[in-house]
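User: I would like to examine the terms applied to this model and the grounds for each of them. Please set every value against its definition.

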Amino acid sequence: VLSKPNVLKIESLQLTSRIVVSPCQAASSTALNQMLLLKQSSAAVLVSGNPTPVLLHTSPFTSRVGCIPVSKPYSSQSFTMANLHKRLTSSPEKLNPVLSCSSHEASPISENKEHVHGVSEIIVGVLGGGQLGRMLCQAASQMAIKVMILDPSKNCSASSLSYGHMVDSFDDSATVEAFAKRCGVLTVEIEHVDVETLEKLEKQGVDCQPKASTIRIIQDKYMQKVHFSQHGIPLPEFMEISDMEGAERAGELFGYPLMIKSKRLAYDGRGNAVANSQDELSSAVTALGGFGRGLYVEKWAPFVKELAVIVARGKDGSMVCYPVVETVHRDNICHIVKAPAEVPYKINKLATDVAQKAVGSLEGAGVFAVELFLTEDGQILLNEVAPRPHNSGHQTIEACYTSQFEQHLRAVVGLPLGDPSMRTPASIMYNILGEDDGEAGFRLAHRLIARALSVPGASVHWYDKPEMRKQRKMGHITLVGQSMGVLERRLQCILSGQSDQVHVLLHVVLHIAETPRVGIIMGSDSDLPVMKDAAQILDMFGVTYEVKIVSAHRTPEMMFSYATSAHSRGVQVIIAGAGGAAHLPGMVASLTPLPVIGVPVRATRLDGVDSLLSIVQMPRGVPVATVAINNSTNAALLAIRMLGISDTDLVSRMRQYQEDMREENMVKGEKLERQGWESYLNQ
């Protein structure tokens, strides 16, 4: 039993305990850290001589783990109860004793800064705690960056993974101000926040990223259109409407169908209505809450694809763009994202340029999602911009070197931006939307997840939302692989798996896994005795392949179909055998972006020299590799070396093959020396 003046009492909503500390124990930083560990509670410390509890954090705030730090000014020699009392009662704006951070004073990595023991000691405050906040927390844990969230829902998606959760509204000015004091930088996972408070905080020196001016522009979609129009960004035509007369005038000007949109609080299809004729204007306006809500109209964009580009900008103004993706919507909600988008290079570049120019017109650091329309005549029109991580970038977690969530953290903290390029040839993201309410919806989702977990290259993300509703985003599935065609078939396997019989699903999966990486084609079955050697080599190396008869002269339509579809089906290299005129390799090479290796086959005349010369005389711009006459073995080995660029297993096998050839040759040489040439030949 120790002296009463050294008694600390920690009171919690869930825990009440008395901790008795001796003066020598109080001098130990380890003892104090262990003593004051707090977990998910509202706690206060009662210090002897002070009748008022010292609040460690406010009642709506929950912290994963916090402790009173012991820094150099409070060494073990000078750490007394008086110093503890002084420290606990210091200004909360300067020090948060639970989170151990100084507001707005931390900085990213620096060689000369003290007390930086990791990537960054800046605490990132996020307004909103939905699935985007959850995935920000997941990315933050990789670098030990602390992320606190402000969200009114106690069980929001991000809560269990965050460093701290203040349970309150991000629309309340006083709450946001109090929250900001705990953070080194403030950002958003939803743009529908109190922008006036953000502007006020910026004037007080709070680091808000992106800037409040950007949030103000993005919050009002009509203001957003005006802003981008003023900066020369291509857009669908639009106009504001305030009454039915204005709506009818817009219909006469733009024609029908006519897109009517709410200016504010519109996302995931909410706030949009389509009028197919003048008679439908009234019902469309009513569906959006009437003119008093604030409406505008857009001319219908005759798009052939919806595209999106994730753009990241650092505090230093540097910018990087992720590959252009195609988004597929169902009921105005993002349903599928395909990365990269299958569009010509010039469209890809145009979309990237438009996205970068749009983000360049806004202020602040972070990740921005730019949604675009691709029209029939090849135009790129901006739809809208989100100043935060976005559904169109979820696949970046598995598909890119730096996910959009890690990138956003890097940007707002002030770290160097990461590499946005893809580390896999293709990726598909599928949103898991609620198919039913309540438990029935959960059961359907879990069946889908079970099927997905059985498919190669599939990753499941579940947002841990406590309530299931129809059309609610509950999670997503990301597929990565060698080609879009392969992934589309795998996704179809997941979605159409009505049977729960495991062996049926595995049969389909194994069939998908056998997607050919090499296509062996020939103009006639007379070429097969030569081309079989290529198949044998591919078998030896464990490379999947297909063998087909495709004639450039007798079945030109089949040749066209084969060449144009090979890449999307997952084929990576084509070996084309041809004799005589030998047009097949060159014709196929003109139709596919894949490498083509031509094998000149010896015919009845000219010993195959005609075929060889035909293959090597392709015009500029239509490259065809070739090998010796009848040497499909080398064609297959060359194909394997091409595949080995991104396949370390094949590189290892190729090295072993070369070593085996060397050893075989050495054995023959030793045998020749030992037996003499006559005996060697007579065996």
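Analyst: Asn630 lies in the loop between strand 27 (625–626) and helix 21 (632–643). Helices and strands here are DSSP runs numbered from the N terminus (helices H or I, at least four residues; strands E, at least two). The model is predicted, with pLDDT of at least 70 required for local features and 80 or more for side-chain atom pairs, whereas totals for chains, interfaces and linings use all residues. Residues are numbered from 1 along each chain as its sequence is written, and side-chain values use heavy atoms, with hydrogens and water left out.

User: Why is Asn630 called partly exposed?

Analyst: The relative accessible area of Asn630 is 24%. The classes are buried (under 20%), exposed (over 50%) and partly exposed (in between), with a 1.4 Å probe and protein chains only. Asn630 is therefore partly exposed at 24%. In its backbone, Asn630 has a positive phi of about 65° although it is not a glycine.

User: What makes Ala144 exposed?

Analyst: Ala144 is called exposed because its relative accessible area is 53%. Its place is the loop between helix 4 (131–143) and strand 7 (147–151). Phi of Ala144 is near 55°, again a positive value in a residue other than glycine.

User: Why is Ser611 counted as buried, and what does it touch?

Analyst: Ser611 counts as buried because its relative accessibility is 0%. Ser611 belongs to helix 20 (residues 609–616). Not counting residues up to four places away in sequence, Ser611 touches Ala578, Gly579, Gly580, Ala582, Pro600 and Val601. Contact requires heavy atoms within 4.5 Å.

User: Why is Ile217 called buried?

Analyst: Ile217 is called buried because its relative accessible area is 15%. Ile217 is placed in helix 7. With neighbours within four places in sequence left aside, Ile217 is in contact with Met223, Gln224, His227 and Leu362. Ile217 and His227 are 10 residues apart along the chain, and their C-alpha atoms are separated by 7.4 Å.

User: Which residues have the most contacts inside the largest nonpolar core?

Analyst: Those residues are Leu307, Leu372 and Leu382, in a core of 28 residues. The elements giving two or more residues to this core are helix 7 (212–219), strand 14, helix 11 (345–360), strand 18 (366–375) and strand 19 (380–386). Helix 11 supplies the largest share, six residues. Apart from this core lies another, of 26 residues, among them Val518, Ala534, Val627 and Leu643. A nonpolar core is defined as a set of buried Ala, Val, Leu, Ile, Met, Phe, Trp, Tyr and Cys residues joined through side-chain atoms within 4.5 Å. In soluble globular proteins, nonpolar side chains tend to be buried together.

User: With which residues is Leu382 in contact?

Analyst: Leaving aside neighbours within four places in sequence, the contacts of Leu382 are Lys225, Phe228, Ile233, Pro234, Leu235, Pro236, Ala358, Val370, Glu371 and Leu372.

User: What makes the peptide bonds from Tyr256 to Pro257 and from Ala339 to Pro340 stand out?

Analyst: The bond from Tyr256 to Pro257 is cis, with omega near 0°. The bond from Ala339 to Pro340 is cis as well, with omega near -5°. Pro257 is found in the loop between helix 9 (244–254) and strand 11 (258–262), and Pro340 lies in the loop between strand 17 (333–339) and helix 11.

User: How many residues line the largest cavity, and which lie nearest its centre?

Analyst: The lining has 13 residues, of which Tyr322, Pro323, Val325, Gln395 and Thr396 lie nearest the centre. The elements that give two or more residues to this lining are strand 14 (303–313) and helix 12 (396–399). Strand 14 gives the most, with three residues.

User: How many helices and strands are there, and what share of the residues is buried?

Analyst: The protein chain has 23 helices and 27 strands. Buried residues make up 51% of its 683 residues. Of the contacts with a separation of 6 or more, 62% are between residues 24 or more positions apart.

Terms used: On a 1 Å grid over the protein atoms alone, a cavity is a set of points where a 1.4 Å probe fits but cannot get out, and a pocket is an open set with protein on both sides within 12 Å along at least five of seven lines; lining residues have an atom within 4 Å of a point.
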